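Reader: I would like to learn how to read strands, helix packing and nonpolar cores in a model such as this one. Could we take the features one after another, with the general idea before the case?

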Amino acid sequence: MKNNLLSFRAVLLAFLLMTGMTAFAQLSVQGTVTDAANGEPIIGASVLEIGTTNGTITDFDGNFELTVQPGAKLAISYMGYKTQELDAAASMNVRMGEDAELLDEVVVVGYGVVKKNDATGSVTAIKPDEMNKGLQTNATDMLSGKIAGVNVTSAGGAPGAGATIRIRGGSSLSASNDPLIIIDGLAMDNNGIQGVSNPLSMVNPSDIETFTVLKDASATAIYGSRASNGVIIITTKKGAQGSKPKFSYEGNVSMSNLVNRMETLSGNDIRDYAAALGHNTTKTKWLGLYNTDWQDQIYRAAISTDHNFSVTGGTKNMPYRFSLGYTMLNGIVKTNGMQRVTASMNLNPSFLDKHLVFNLNAKGMYIYNRYAPDVVGAALNMDPTQPVMGGNPKRYDGSDATIKGAGGVNLTEQQIAETYFGGYYQRAARGNYSDAAWPYTVNRNTTGNPVAALNQEKYTSNSGSFVGNLEADYKIHGFEDLHLHANFGADYSYGKSLTSISPYSFSNFYYGWEGWEETKKYNLLFTAYAQYMKDWDDAGQHFDIMAAYEWQHFYRDGARDGWGSYPANSMNSDGSAANPKAGQMYEQGRSQYKWMTENYLVSFFGRLNWTGWNQIMLTATFRADGSSRFHKNNRWGFFPSVALGWKIKESFAALRDNNTVSELKLRLNYGITGQQEIGQGDYPYFASYYVSQPHAYYPVGNGNVMMVDENGKAVYDGSGTPVVDGDGLALYYNYRPDAVNTELTWEKTTTYGAGLDFGFLNSRITGSLDYYYRVTSDLINVVNVPAGANFRNKVVSNIGSLFNQGVEFSINAVVLDYGKRFKWDLGYNLTYNMNKITKLNASDNDDSYYVPTGGISVGTGGSIQAHKVGYAASTFYVYKTEKGVDAKGNPMYYAVDLNQDGQVNGEDRYMYKSPMAPVTMGFQTKFQFYGFDLGMTFRASIGNYVYNGVLAGGIYNVAPDNVYTNLNGGYYGLTRNAYNTYWRGMKSDGMSALVWDAATNAYVDGGAFSDWFLTDYFVENASFFRCDNITLGYTFDQKVTKNKCHARIYASVQNPFVISSYSGLDPEIYGGIDNNIYPRSMTTLLGVSVQF
Amino acid sequence: MKTIGKYLVCVGVALFGLTACVQDLDVEPQDENKILDFNQDAVFSKCYATLALTGQSGPAGSGDVDDIDEGTSAFIRMVWELQEFPTDECWVGWNDPGLPEIRTMKWNSLNQLVQGLYYRLYFNITLCNHFLENASEEGDGANQIAEVRFLRAFNYYYLLDMYGNVPFADKVNAQKKPQYTRVQLFNWLEDELKDLENKLPATRTNDFRVDVYAAKMLLARLYLNAEVYTGTAQWQKAADYAKEVMDGPHKLHTTSLGGVYTPYQEMFMGDNYRVVGGAAGEGLLNIYQDGIYAQAWGGSTFLVAAARDKNVYVNPATSEGWAGYRCSPEFIEKWVALDQTPFILKNEFDMPAQLGDDRAIICSVLNTGAPVVTPDPEITTADSIKPRGSAGSSFYDSWSMLKWTGRYIENPLGEDITVTPHGPQFPDTDVPFMRAGEAYMTYAEAQFRLGNTAAAATAIQALRDRAHNTQTFTVDEDFLLDEWSREFFAEGRRRIDLVRFGKFAGPTADYHWEGRGGNTSDQGLVMMDAKYNIYPIPESDIVAGGLTQNEGY
């Protein structure tokens, strides 16, 4: 935040003070250095008597003392701030203004230098909020709700869970909608690997200096090919030149609790319900005698801890920073947790009188994850009348709980649980393994015991990543306006997941499962550019031009294997002898696979900046990108942009000297960006064949006999053993031609934008307002092709278009400012975005065409959303329901025959609401009172809709026909919500159809409607207001710490509440389909941060 | 000058580097699963495999057809569902997308199953075209080419039968495909198959490849339905080709191989390749299935598992039981009156004995008498079994069709398995998608239409003898239509027969069955528009291929 006026005052003050004190022979200077924008002390600022080596640095409260020659000048400098040269005075109060040029050079845009004040595009840079951050273990946590136009939705509450980031809505349908992420100049590959959900999780949040989000065409177009969905640039912290080593430690310990859980029926409630339904003892005897709360059984309070340590400093020519971090994060589902170690290094040596500057970054990370099996839903569906361990010695009706086994031998449930299910209760059924030692199995139609799953299924992953780059910048000797820049970067990641499942488990009974899957990837980058800059300060003219070349190589490979085994105690079918295969691998289920893929991007680009009369700014960029994903003939995409800025304040004399309006700038921009993250592999234009994998062979062929090596792995070089089936029939592999599209080319998004930056009252109030309109054409879209024309009925093609338009508004204000005594800051941002598909297939006006999307797990599946022309992407495509009464006068829901053809079928579905919120808001506030600080962050989302799949699935289970069937062998657990909803008028077979009777021109009851779970009844308004974080901190006074250190302690509560009318657990679900997400916990945290 | 020289060198080096890097864009796939060169044998193998498998990894994971669940996308299952579910033979309680509309004859051009089969057939045809464009006649090549031409014709036959007026492609390219009328396609098929009579081998070298009799059988089927397809009946040609098959090497399987099951039952069991395969086997086009190496959810796994419930079945040698299709009341009535006194059964295969026909492999598994055919401890009630049938949502509202099983020929009746199938989940049961029995029924019907009732009766008697059915019968239209069902139920052809007899849809179709038009049996007849005699062209191809929709849709 610039505050030139204040800086000016400080200079003036210093000057006046100085003039009065020149008489003294030796001058003892005492001073304070503070940030002009927020008044916070600047720690470690360098104070140097010019022309000498006499100097010091400021302490933790920004104070310094220095004895100098009278008339000396002091140079006060600090990284990121404009260096000030002041005449020494006995008492100095130096307020440092941020150095826009320097900040821009380091942070704001890649590929060169742009003065922030001259920026013509919509660029938002934020520094992580050190005061109010709560538990941040992933960089995405820091972005959430902070920037207008940027929406972050986490995948759930599991440690290390990924998040979806959307900038200004999604510009693609089937291609990627993820923004480009650049870490210290290295453009990352967006594909996650085991244990690393996205590139942002490769950086320890405490190493991050700034986030910069580029949103509009002019800012992003320089990244051309990959920037259609915005760019997030992360710059990590660096050392400061000529500063003493500064150590910093931050640590916290936190506890996560499940605060919001689904209310379920107790065992007693289920027994009452069965009685109310008039179930006879044939059914009710399967009820247990217990009242197990399965959610209590799977959730826990989880303790986590996070420690970060860093050293920052610098010799004259070698600033450095090293950091180490350790994070142990436990999930609220039992057994679930993650541990992470991170290390980072940054060196900035400079040579040749700072003409040659290097910037070396290296970041390493290791993560161990243990995932929980998917038990969140099972805990709702599991019968609460049953115990966790053992079986029912007596059933609800008092009878013995005996299950019939092979050969007429009956065992009690208790015995079966102890012998066959590892002690856990599971509903048993007769086995089918021809194995006398394993006569029983789990009843696959019941819900598996979630506690057993937690303990019998182990999913872990080990992942490591390395991100490093070396930048060199050379200002040509004697021609300093021209500098050459090169950047070499690499990121390497490795992840391996391991699965180990007990043969006693519900999921892999009898054979168990052992498996692994690994992925390796690397990404190499080379960028080189030359930039020429010229300033004519007197005329307010600035000119720079840059030309660059970039090369990137993305490589990925992976492999997996997995198998079950015959149990060690396996017998033959009559029990007379051990199974000869006992303990051996069970080859039927074995699944092995190995793959690799790569792609290249080569780019040439340039940029021209011109600032005229310090009033008008012009930026023009042009980029040409070649992608190896497209055929030679349409490989190159050309991405121009132009932006215009007008500093209104500087243009009118009345405004120029007006403090009320401290900034007023208008920005206009236009540009084209591209997309080649097609989501269809790296070789869509190759006519190639895909060879058949295990379990997909056929006994017809000649030369293509299937061979395997000694590990059972397919080999195609003819060296292995031929594969024959159980009857000795030779098997052959086969080739399938892949669909091919040699015409495929870049998807292009054209953006038009306008924005206004403003600042009032000496920049106490600042903000911006932006409008954008983005049209994506040549949409990379998987569309139907004419039958017989290609090897698939759907081929990735460039057909279709959509647009997004929106408004972004953000404002920050210092409401009250009494220096150190009391300060109150407010920040607010609002985003409005609307998305509409304008073309989907070859036909221009085909009203009936839609692309189903949004698969649900309720009923027999199907999809609940559709892409359709005239509507937002992924709009809910549902039956319309109406509330009415049935023949008996009971409340009833009807699915309406919208097209009035006398039946309710697929054609009656209509386009309803969108899962994306049109309006989102973020709100932050902070109070500082002497040493105390209190910060709060909130987010709101208005108008997002969610399909409550948990409720729909639950209702299915409540129905008298389904809560118990003799086949399912027991009762379901029921949620209170589903139970109550059901009694509000759902019929056992769902709803009724309300069909149009042409004879009477009226709607009549058309009988049961079986697709009730596809109705708009379950699409709920899930607008919400969430409190992300509340932090109360205290910073120790320097008198207490005796200037030795800077220390702060804080307590934070994260996710304390969410307000929503949504009836499910959590309204915040990316994609809008609620299928039991891992609950987001409330986390209470105590932390300390010390610098010395 | 010196400096300039240095710069020039630098620029030169840089340009050279850039050029090299631009060449990096010319990638070639390095993945060992992705192959750039045509391999005749491997593509030939795929042409056959499309009948059995749904993609490149079994049982699922890399499907051939888009916009449909891969398990459902199987050739067998798609043809089967569209030929069986809208008919009087069976009822399915599933609500898979598009299925309720198929069951109740309310489909439209957006129906996912209508679309799924269409694209499955065109995928297979495109693959065959690709093979034929690239194959050479060397070695086995001439046979391979003839067989792939047959496979293409076989796929086109189902387009002719179910969709009528479809685009015709014999090359793989983006050029607009002409939309053939049904008559045009019929003529092409007739010419193609007749040409293949001289090109296909007389004897097959492998149980799962075809010989010339497959083409003759398909010609017989084409002529039998010629009136439906072209408006002109060709009964004599149907009879002639059927006779050629009857006189050919593929004989009715009449003697039980294992001595446990009837010969008829043995054709639908786990090791049925022993009776439908071989040079003299009854199968004319056998589709291979294997519990380990050829896994698919839509092959015999579907046929076996969908007819049973997981927890209530006699061990069919699969762990799957999906509670899907079961008998309609109209189908049960082809064997026994619905008000018949309850039966007491010895086992699941006891119903044929009770009804005096080996083919009546139907049975309820819920209310069976002892010995109990279920592992579920609850179902021990010794209720006797009553014929019944209703379109309720429960699988137990009717009897099951137990014709398809994964058990082996030597396995004893009852619960235990002595010969273990190759895998516990996917049955090894191969699917004879055309078998010699069809020639007998075709011959019988064609002769009846030509007025030779006696010749018809003789052919039918051969099938009844094999089924140990000693009941007397009179050949008339109703009898023939019922007999087609008794011989071929659950083999994926019922719709063809109902259409040919004018009973499916249209003004003459005065035959009502459960679910037809959405009505239950007691609600009575619903007149179905004649358009339902063929399926619509999927909307997606109307748009993409610029096609004209079938009349009425």
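Author: Helices (H or I, at least four residues) and strands (E, at least two) are DSSP runs, numbered from the N terminus, and two strands pair if DSSP finds at least two bridges between them. This is a predicted model, in which local features need pLDDT of at least 70 and side-chain atom pairs count only at pLDDT 80 or more, while totals for chains, interfaces and linings use all residues. Residues are numbered from 1 along each chain as its sequence is written, chains are lettered from A and ligands numbered from 1 in the order in which they are written, and side-chain values use heavy atoms, with hydrogens and water left out.

Reader: With that in hand, which strand does a hairpin join to β17(A)?

Author: The hairpin joins β16(A) to β17(A), and four residues make the link. Strand β16 of chain A covers residues 302-314 and β17 covers residues 319-330; their pairing is antiparallel, over 10 bridges, and within it His307(A) has Tyr326(A) as its bridge partner. β16(A) also pairs with strand β15 (residues 246-257) of chain A, again antiparallel, through 11 bridges, and here Val253(A) stands opposite Thr305(A).

Reader: How many residues of β16(A) are buried?

Author: Buried means under 20% relative accessible area, exposed over 50%, and partly exposed in between, with a 1.4 Å probe and protein chains only. In a regular strand the side chains alternate between the two faces of the sheet. For β16(A) the count is 10 buried residues of 13, and the strand is thus mostly covered.

Reader: In what order do the strands of the three-stranded open sheet in chain A lie?

Author: The order is β36-β35-β37, with antiparallel pairing. β36 (714-715) and β37 (721-722) are the edge strands, each pairing on one side only. Two bridges join β35 (residues 707-708) to β36(A), and Met707(A) has Val715(A) as its bridge partner there.

Reader: Turning to chain B, at what angle do α6(B) and α7(B) pack?

Author: Axes are lines fitted to C-alpha atoms, for helices over the stretch in contact, and angles run from 0 to 180 degrees between N-to-C directions. Angles under 35 degrees count as roughly parallel, over 145 as roughly antiparallel, 65 to 115 as roughly perpendicular and the rest as oblique. Helix α7 (residues 182-196) packs against α6(B) at about 155°, with the axes 10 Å apart, and the two are therefore roughly antiparallel. Contact means heavy atoms within 4.5 Å, and among the residues that meet are Phe150(B) and Tyr156(B) of α6(B), and Trp188(B) and Leu193(B) of α7(B).

Reader: How does α3(B) pack against α6(B)?

Author: Helix α3 (residues 75-84) of chain B packs against α6(B) at an angle of about 20°, with the axes 12 Å apart, which makes the pair roughly parallel. The contact includes Phe75(B) and Val79(B) of α3(B), and Phe154(B) and Tyr158(B) of α6(B).

Reader: Which residues touch the most other members of the largest nonpolar core?

Author: A nonpolar core is a set of buried Ala, Val, Leu, Ile, Met, Phe, Trp, Tyr and Cys residues joined through side-chain atoms within 4.5 Å. The largest core has 176 residues, and those touching the most other members include Phe75(B), Phe150(B), Tyr156(B) and Leu193(B). Helix α6 (residues 141-162) of chain B gives the most to this core, with 13 residues. A second, separate core of 58 residues includes Leu411(A) and Tyr910(A).
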